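Dear colleague,

I am handing over the structure that you will find just below, and I would ask you to keep it open while you read the notes that follow it.

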Amino acid sequence: MTETITIPLNKLDADPKNVRKTYTAEGVEALAASIRTDGYRLLQNLVVRKGEKKGRYFVTAGGRRRAALLLLAEGGEIAKDFPVECKERSGEDATGISLSENVMREDMHPVDQYEAFNALAKEGKEIADIAARFGTTETIVRKRLALARVSPVLLQMFRDEDMSFAQLSAFTVSDDHQLQVEVWSALPSWNRDAYSIRRALTEELVAATDKRVQFIGGLAAYEAAGGAVRRDLFDERNAGYVTDMVLLEKLMAEKLEAAAGTVRAEGWKWVECRTSMPEGLHSMERHYPEDVSLSEEDQTVLDAAQAEYDELAELIESGAADDEAEAKLEEVEKRIDALTARTEAYSPETLANGGAFVMLDYYGRLSIERGFVKPGQCRGNRRGRGRRALAEYRKRSKARNSDRHAFGGSDRGPDGPQNRSAAH
């Protein structure tokens with residue numbers, strides 16, 4: 001039986017026969033945190049052999065533990081001659097012992113990790129403390145604890161290697177154990193990938209990336225209104241799912257109605273809110289605004305604003321603009337838009353007979369389409385109907401999207417507001 005001896009830390013050297021030469025700084029720091037949490041005690045003794053100098057020893061197995069202790073000593077947490085319990089072996093066995101320790105060991109099973117973390121969590125331990133205790137990250141702890149949502153039947157199947165960890169992780173999006181087992185049984189073996197499992201479990205949920213969620217201001221706005229969110233820690237592409245469709249619909253309606261109130265003030269006969277383009281829009285008669293000439297004074301102001309816009313845009317594009325250029329550009333654009341709006345107007349007859357749709361476009365942005373006349377209502381000077389109406393709607397949506405990509409999310413296109421004014 002190998003005898004246990006105690007050796008001062010500053011008498012321990014790295015063994016040139018240790019097959020493992022490299023340790024990451026993050027790994028050493030994590031192990032140091034684990035040792036600290038356990039009262040500066042090692043769970044496993046170091047294996048050493050006599051060194052070349054009297055009183056010194058080479059660490060054959062446990063190099064990372066030695067490095068972690070040295071880190072603690074450098075920080076003044078333990079003494080430089082901190083006593084370390086070791087087991088001494090002969091030099092002939094050094095390489096074989098080192099190889100066995102590094103090659104033959106097996107990482108802890110994820111479900112075993114979950115059960116260990118969960119036991120500590122039930123004792124009231126914080127996630128940060130659990131992570132430090134096991135020398136891992138808080139993210140890993142959260143992901144393992146998320147396995148509590150998964151049916152014990154599926155956990156056992158994973159233990160039995162009847163499913164992959166990616167498949168098991170997909171089930172954490174739901175806490176309905178019966179539904180989880182039903183989904184696994186219903187999906188054919190060739191279609192049991194993580195994506196298919198998540199999709200089957202979230203058919204009645206709305207993803208954070210859905211345009212309806214984006215329209216109301218994202219999950220932050222939904223949660224601020226008291227909405228519950230179901231999150232999947234294993235799906236980094238999706239921030240979560242909306243679970244309260246009634247609340248989502250209410251928030252959408254409130255935002256649409258707020259915009260509709262402004263449009264109604266323009267004097268339209270009717271204004272309707274929709275969450276998507278209405279069916280039959282392409283077949284509706286549509287009136288368009290008529291050109292109105294600006295006064296000489298307004299035209300002069302518009303020309304000056306347009307010249308200022310062009311100059312600022314050129315500076316920004318060339319990289320020669322100052323930090324305030326973007327803000328100035330937006331302010332000038334607002335002035336141009338306000339003046340340009342005066343260059344066209346709907347006739348009183350169109351306002352009296354027509355209406356507007358306030359709706360979400362394809363990308364989840366607010367879209368206001370004016371000038372439509374419902375079938376059977378009084379007709380005025382018709383400017384276009386049918387395919388022209390649909391083409392106009394699609395053209396505007398496509399233009400807004402391409403401009404947004406070209407200018408980093410702004411609604412400014414490469415031609416900016418100037419083209420709108422130049423047309424008049």
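The structure holds 20 salt bridges, and please bear in mind throughout that the model is a predicted one. One of these bridges joins the side chains of Asp-15 and Arg-49, with 2.8 Å from N to O. Asp-15 lies in the loop between strand S2 (12–14) and helix H1 (25–37), while Arg-49 lies in strand S3 (residues 46–50), so the pair ties together parts of the sequence that are 34 residues apart. Asp-15 has a relative accessible area of 5% and is therefore buried, given that buried means under 20%. Arg-49 is buried too, with a relative accessible area of 11%.

A second bridge to look at is that between Glu-257 and Arg-264, where the closest N and O atoms are 3.3 Å apart. Here Glu-257 has 40% relative accessibility and counts as partly exposed, and Arg-264, at 38%, counts as partly exposed as well. In the salt bridge between Arg-365 and Asp-361, the closest N and O atoms are 3.1 Å apart, and both Arg-365 and Asp-361 are buried. Elsewhere, a network of salt bridges links Asp-112, Glu-115 and Arg-159.

Turning to the aromatic residues, the structure holds six aromatic pairs. In one of them, Trp-270 and Phe-357 have ring centres 5.2 Å apart and planes at 65 degrees, and because an angle over 60 degrees counts as edge-to-face, that is how this pair is classed. The pair links distant parts of the chain, since Trp-270 belongs to strand S9 (residues 270–274) and Phe-357 to strand S13 (residues 355–360), 87 residues apart. Trp-270 is buried, as is Phe-357, and these two residues form one aromatic cluster together with Phe-372.

Tyr-362 and Tyr-363 also form an edge-to-face pair, with 5.1 Å from centre to centre and 85 degrees between the planes.

Arg-192, for its part, lies over the face of Trp-184, at 4.3 Å from the ring centre.

Finally, I would draw your attention to Gln-180, which has its place in helix H9 (residues 177–186). Is Gln-180 buried or exposed? At 0% relative accessibility, Gln-180 counts as buried, because the limit for that class is under 20%. Its side chain reaches the backbone oxygen of Ser-174 at 2.7 Å.

Definitions and conventions: Residues are numbered from 1 along each chain as its sequence is written. This is a predicted model: local features need pLDDT of at least 70, side-chain atom pairs count only at pLDDT 80 or more; totals for chains, interfaces and linings use all residues. Side-chain values use heavy atoms; hydrogens and water are left out. Rings of Phe, Tyr and Trp (its six-membered ring) pair if their centres lie within 6.5 Å; planes under 30 degrees apart count as stacked, over 60 as edge-to-face and the rest as tilted. Helices (H or I, at least four residues) and strands (E, at least two) are DSSP runs, numbered from the N terminus. Buried means under 20% relative accessible area, exposed over 50%, partly exposed in between (1.4 Å probe, protein chains only). A charge sits over a ring if NZ of Lys or CZ of Arg is within 6 Å of the ring centre and within 35 degrees of the ring normal. A salt bridge is a side-chain nitrogen of Lys or Arg within 4 Å of a carboxyl oxygen of Asp or Glu. A polar contact is a pair of N or O atoms within 3.5 Å; within protein, one must be able to donate a hydrogen and the other to accept it, and residues adjacent in sequence count only if both atoms are side-chain atoms.
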